[in-house]
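Reader: I have a new structure open and would like to learn how to read it. Could you walk me through it step by step?

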Amino acid sequence: MNFVENSVHLGHVIVDSSNRGNGLGKELLKAALEYGFNILKVDRVTLAVFDNNSIASNCYRSIGFKVYDSKPESFPSKEEMWGCDYMEAFK
């Protein structure tokens, strides 16, 4: 939790591959937003998503997350460099 910015960051959002496509990711994120805004009383929830993960990015956008920063080729993965989009949702 970031007390200065009154925000919380979601570190990893993972749904088992055998359960993807059933809306579980959306429900998980809605519950995380509910918890952050109503229990922790933060104003902002953030997360990061690889820019090549359009399915996850679209899921996040569908419940109100918006990109506030992008860092192309910032994460090494084997012999590639992946970009990262930083997203936020507000109460």
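This is a predicted model: local features need pLDDT of at least 70, side-chain atom pairs count only at pLDDT 80 or more; totals for chains, interfaces and linings use all residues.

Reader: Which residue does the side chain of E5 meet in a salt bridge?

Author: A salt bridge pairs a side-chain nitrogen of Lys or Arg with a carboxyl oxygen of Asp or Glu, within 4 Å. Here the partner of E5 is R44, with 2.8 Å from N to O. The two come from distant parts of the chain, 39 residues apart: E5 sits in the segment before β1 (7–10), and R44 belongs to strand β2 (residues 44–50).

Reader: Which residues are linked with R44 in a network of salt bridges?

Author: The network joins E5, R44 and E88. E88 is part of strand β4 (residues 80–90), and at 16% relative accessible area E88 is buried. Its side chain also makes a polar contact with the side chain of R44, at 2.7 Å. If you set aside neighbours within four places in sequence, the contacts of E88 include V45, T46, F65 and Y68.

Reader: How many salt bridges does a search of the whole structure find?

Author: The search finds four. One of them joins E27 and K30, whose closest N and O atoms are 3.8 Å apart. Here is the general idea for a pair like that. An α-helix has 3.6 residues a turn, so residues three or four places apart point the same way. In this case, E27 and K30 both lie in helix α1 (residues 24–39), three residues apart. E27 is partly exposed at 48%, and K30 is partly exposed at 43%. Another salt bridge brings together the side chains of K71 and D69, at 3.1 Å from N to O. K71 has a relative accessible area of 39%, while D69 has 28%.

Reader: Now the strands. What is their order in the sheet?

Author: Start with the general idea. Strands of a sheet pair through backbone hydrogen bonds, either parallel or antiparallel. This open sheet has four strands in the order β1-β2-β4-β3, with mixed pairing. At the edges are β1 and β3 (66–77), each of which pairs on one side only. From one strand to the next, the twist averages 25 degrees. Strands β1 and β2 run parallel and are joined by four bridges.

Reader: Where does α1 lie?

Author: Helix α1 lies across β1, β2 and β4, and runs at about 145 degrees to β2. The other helix to look at, α2, packs on the sheet and touches β2, β3 and β4; its direction makes about 160 degrees with that of β2.

Reader: Which residues of helix α2 are buried?

Author: In α2 (residues 54–62), the buried ones are A56, S57, C59 and Y60. They are on the same side of α2, because they cover an arc of only 160 degrees around the axis. These buried residues pack against α1, β2 and β4. Just after α2, look for G64, which takes a positive phi of about 115 degrees.

Terms used: Residues are numbered from 1 along each chain as its sequence is written. Side-chain values use heavy atoms; hydrogens and water are left out. Buried means under 20% relative accessible area, exposed over 50%, partly exposed in between (1.4 Å probe, protein chains only). A polar contact is a pair of N or O atoms within 3.5 Å; within protein, one must be able to donate a hydrogen and the other to accept it, and residues adjacent in sequence count only if both atoms are side-chain atoms. Contact means heavy atoms within 4.5 Å. The arc is that of the directions from the helix axis to the C-beta atoms. Two strands pair if DSSP finds at least two bridges between them. Axes are lines fitted to C-alpha atoms, for helices over the stretch in contact, and angles run from 0 to 180 degrees between N-to-C directions.
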